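Welcome, and please open the structure in your viewer. We will select a few pieces in turn and look at what is there.

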Amino acid sequence: MANLQDYFTQEWRYIDHTSGLQPMQSFSFDDTFCDQVGNDKSPSVVRTWIHNHVVILGIHDSRLPYLKDGIAYLNDVRGYSAIVRNSGGLGVVLDKGVLNISLIFKGKHDVSIDTGYEVMLRLIREMFKEDTNEIENKEITASYCPGSYDLSIHNQKFAGISQRRVRGGIAVQIYLCVEGSGAERAEMMKAFYEHALKNEKTKFIYPTIIPESMASLNELLGTEYTTNDILFKLLGSLKNLGATLNMDPVTTEEWTLYDKYFERMIERNDKMIRNMEKR
């Protein structure tokens, strides 16, 4: 496709998973829809999802030397569960004030990694164009899960984007911290790494988190948005960008595929638990 606008001026299928799912199910569904979109069995998919009191760890987090102690802190002190996801990056915090959006569209080597991120960035800027024109994409190194497509306002990060490619489909996933305190979430992740590292030197450099480098959209914009408000902004913005939306349900074939991808997520997390028990 020639430009970013072309990604939106097509049919999109909206899947609302903002309640009723466990986190591992979310990542399994994204892989399922990647597979279907990549094989021309579904139009592009926009999926919204919310999970409460869970930290989603990255692959590098699963190799922390004292991961067991880090997870015990999350479980016992903060009341958060933890899983390992199948897309890139490090640990992120999900709760009821965080809205996750997945954009799933067709693409292989013809679509660069940066293009995938730019599609999501274009959508987010459309969603908040009436609130601010100051959204920047640059790495906020003192945040949790820092990356070159961190989204920030005045150097305070409110969102992070990851990307996963499966069988000709691309899933670009973003978490938007809408409600609550960004610094409190970052404080928890800072403590998690302190428990899981214990100052031990590792080949991989984990972030040195400064909680004040993160904030929620409500803190940054002086608003009182709920995640539901942002969901409506999302759907309205997709239409503004030229998308037509349907709400076709999950098909029998997709449920079969989902079972396969869910099994892989379970295996990945069982492996993390086994590795923790060996340490």
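To find them, select residues 113-127 for α4 and residues 227-240 for α7. The two helices pack at an angle of about 110 degrees, and their axes are 9 Å apart. α4 is therefore roughly perpendicular to α7 (65 to 115 degrees; under 35 is roughly parallel, over 145 roughly antiparallel, and the rest oblique). Axes are lines fitted to C-alpha atoms, for helices over the stretch in contact, with angles from 0 to 180 degrees between N-to-C directions.

A note before moving on: this is a predicted model, where local features need pLDDT of at least 70 and side-chain atom pairs count only at pLDDT 80 or more, while totals for chains, interfaces and linings use all residues. Residues are numbered from 1 along each chain as its sequence is written, and side-chain values use heavy atoms, leaving out hydrogens and water. Helices (H or I, at least four residues) and strands (E, at least two) are DSSP runs, numbered from the N terminus.

Next, select helix α2 (residues 23-38) and helix α8 (residues 252-278). Their axes come within 8 Å and cross at roughly 130 degrees, which means that α2 is oblique to α8. This crossing, too, is right-handed. The contact residues include Phe27 and Phe33 in α2, and Trp255 and Tyr261 in α8.

Now show the strands. An open sheet of eight strands runs β7-β8-β9-β10-β6-β2-β1-β11, with mixed pairing (two strands pair if DSSP finds at least two bridges between them). At the edges, β7 (136-137) and β11 (244-246) each pair on one side only. Inside this order, select β6 (residues 98-106) and β10 (residues 169-177), which pair in the antiparallel sense over nine bridges. Ile101 has Ile174 in β10 as its bridge partner.

Finally, go to β3 (residues 54-57) and β4 (residues 81-84), parallel strands joined by four bridges. Val55 is partnered with Ala82 of β4.

Methods. Left-handed = near helix turned anticlockwise from the far one by under 90°. Contact = heavy atoms within 4.5 Å.
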